[in-house]
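Please examine the structure shown below. The paragraphs that follow lead through its charged pairs, its strand pairing and part of its surface.

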Amino acid sequence: MTKKSLYVTTPIYYPNDFLHIGHTYCTIAVDTYKKFKTYQGYDVFFTTGTDEHGQKLEDNAAANGYDNPLDYIDPIVASTKKLWESLDIHYDAFIRSTDPQHEKNVQAIFQKLYDQGDIYKGDYEGYYCTPCESFWTETQVGEDHLCPDCGRPVQIQKEETYFFRLSKYRERLLQHYKDNPSFIMPKSREHEMINNFLKDGLEDLSVTRSSFSWGVKVPFDPKHVVYVWIDALSCYLTAAGYGYDQERFERLWPASTHFVGKEIMRFHTIIWPAILMALGLELPKQVFGHGWVLFDNEKMSKSKKNIFYPEPIIQTYGVDALKYFLLREFSFGQDGSFTREKFINRLNSDLANDLGNLVSRTVSMIEKYTDGLIPEARTYNEVDEDLKAVALTILDKVNEKMEDYDFSGAFEDIWTLIRRTNKYVDETEPWIAAKDEDKTRINTILYNLSESLRIISNLLYPFLTETSLKIRHQLGLEDLPKIEDAKVWAMTKPGTRVKKSEIIFPRLDVKVEMEAMVDKNEALIKAREEEKKSQDLKDQIADDKKPEITLDDLEKLDIRMGTVKKCIDHPNADRLYVLTVDLGHKDITIVTNLKSKYSIEEMEGRKLFVLYNLKPHNFRGIDSEGMLLAAEDGDGKLALLTVDEELRNGAKVE
């Protein structure tokens, strides 16, 4: 039987900085959805990538000293891929808009739209937001002339441009919404699109820029570059094989779901479908607009200094802890607020108290009461049957929740079983049953606990993979879980030896951990700033190479070892020293500006390299007969060159 293919995507991210928790939210959710549907038996293709063109990136690259924007972008993209790897994200395609095949596709798409009359040349004047790369009308920016999306000031710009006939597709878009009621989800997003953008008509869309050069050139007019609307959005086509792999494209397109942040719904539900209509391609089945992860109810931003990065959380609490919090705490279609206290409390209540404690005490009781071997269940009473009944209903509920991307609801269903199993321990009191000489009851209780945990591990596998496998390992189950086994009772083989190990989720001190999270986050920010300064310095040093010299030039230098016999202040210059340096056969005078770096005591007696045959130069009335050799790192740090072994004064550098 051929597996049904699903094609899912996250937004094509803008590589302008390191990704914070809010950025990771969508990718974690889509990767989890992919894992779940794969677990169900689907063939899922998952695309993500980076939108690497535009004025903002060109400006930022220049501001950071890069002539080629890719030299600025490449390390950011590398850090993004490294983060996805650390989060156990398994994408199938990572499309960079600078990929040659993609740029070729963009030019072909633009040419096709132009040839059929959907793109035409004109002049555009409007209010432009550089950070958002968006044009806005006078009404949209209001009296304060602020971007509706980010709130920053906009500037009025006028330039020659090519327009896409977006207005032509207004009625078709509205009809598509009507005919496909689940095209835009949640439903509230559709109402926003209609009321805010479509109700009063659509204007044609500027799709090229000529005020900057970093982008895909229009094939027949290279002074123009193709704008983000066609460039970045077409990454979804490139990833699916458009233009180079027809078999893959026919298998994957149309996309099953574009998962996007609510702030870019307009691009994905109005502009993108209109472009696809013009190209004669099927529209994606659905566009789902998720909410934002806020910090204390405010959007995360560097300017507000309220950004939390995922790396310290992963390193301290593990990948599954972060995934669980983001997917359990927030309803996927709505905004949610991240706070350190919420995070630690959720870990303590759900992961440590409910799940971690259940695993730990079950394995401990099996070791204590049945010599570490999972016993055989013999007789079932009403309480046993109730646990079994609850366990076998959960998978259907989880399947239903995941059809609507209700990750939080799916976890709640799984935790229904976890809490029911904890209650089963309290109801059956295995520590009392263990005292009975007839081991039938304790054996049944421990088997049922093991079997319930096995089903829990099966249910958790696509959500919290590492945790699922840790549970199975402690139960002595080394095979990978299968989804269908979550609906079967009594699959655990009696006699299996458990393997007690560390507590999966230890309980945390809320106050201590909240402070530690801030410290680790700030340490990461500082480390990244230092790394950037170090890289900037390397680039500066690398680019500061002096003109090449020959061996003949080198042989002209007479560099010798000397000892500073005397160091005094220059009588006519506050910032200079006058040194008497012993070169073995004679003493020479050197004037140096090292007064701000070294004290007189630090200078006297120091063995140093001296450029001996330098033409004398007069500094404020005193002739300097040589120059000391030193190295400076460009960051204000300086060190005099010396040797690690004793050499006589006058020794030459060969």
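**Salt bridges, strands and a surface patch**

In this predicted model, a salt bridge links the side chains of Asp 92 and Lys 34, with an N to O distance of 3.0 Å. Asp 92 is in the loop between α3 (69-86) and β3 (93-96), whereas Lys 34 belongs to helix α1 (residues 21-40), so the contact ties together parts that are 58 residues apart in sequence. Asp 92 is partly exposed, its relative accessible area being 37%. Lys 34 has a relative accessibility of 12% and therefore counts as buried, the cut-off being under 20%.

The total under the same rule is 36 salt bridges. One of the others pairs Lys 187 with Glu 190, whose closest N and O atoms are 2.9 Å apart. These two residues are three positions apart in helix α7 (residues 187-198), so about one helical turn separates Lys 187 from Glu 190. Lys 187 is partly exposed at 31% relative accessibility, while Glu 190 is buried at 8%.

A further pair is formed by Asp 350 and Arg 346, with 2.8 Å between the closest N and O atoms. Both residues lie in helix α14 (residues 340-369), four residues apart, or about one turn of the helix. Asp 350 is buried, with a relative accessible area of 8%, and Arg 346 also counts as buried, at 17%.

Leaving aside residues up to four places away in sequence, Asn 521 touches Ile 307, Phe 308, Tyr 309 and Pro 312.

What lies in the loop between α20 (510-543) and α21 (551-555)? Ile 549 is found there, and with a relative accessible area of 56% this residue is exposed. Together with Leu 551, Leu 554 and Leu 557, Ile 549 forms a nonpolar patch on the surface, with about 420 Å² of accessible area in total.

Strand β17 (residues 559-569) pairs with two other strands. Five bridges join β17 to β20 (residues 607-611), and the two run antiparallel; within this pairing, Met 561 has Phe 609 of β20 as its bridge partner. Six bridges connect β17 to β18 (residues 577-582), again in antiparallel orientation, and here Lys 566 is partnered by Thr 580 of β18.

Definitions and conventions
Residues are numbered from 1 along each chain as its sequence is written. This is a predicted model: local features need pLDDT of at least 70, side-chain atom pairs count only at pLDDT 80 or more; totals for chains, interfaces and linings use all residues. Side-chain values use heavy atoms; hydrogens and water are left out. Patches are made of residues with over 30% relative accessible area and no salt bridge: like charges are joined within 9 Å, nonpolar side chains (Val, Leu, Ile, Met, Phe, Trp, Tyr) within 5 Å. Accessible areas come from the Shrake-Rupley method with a 1.4 Å probe; for residues, only the protein chains shown count as cover. A salt bridge is a side-chain nitrogen of Lys or Arg within 4 Å of a carboxyl oxygen of Asp or Glu. Buried means under 20% relative accessible area, exposed over 50%, partly exposed in between (1.4 Å probe, protein chains only). Two strands pair if DSSP finds at least two bridges between them. Contact means heavy atoms within 4.5 Å.
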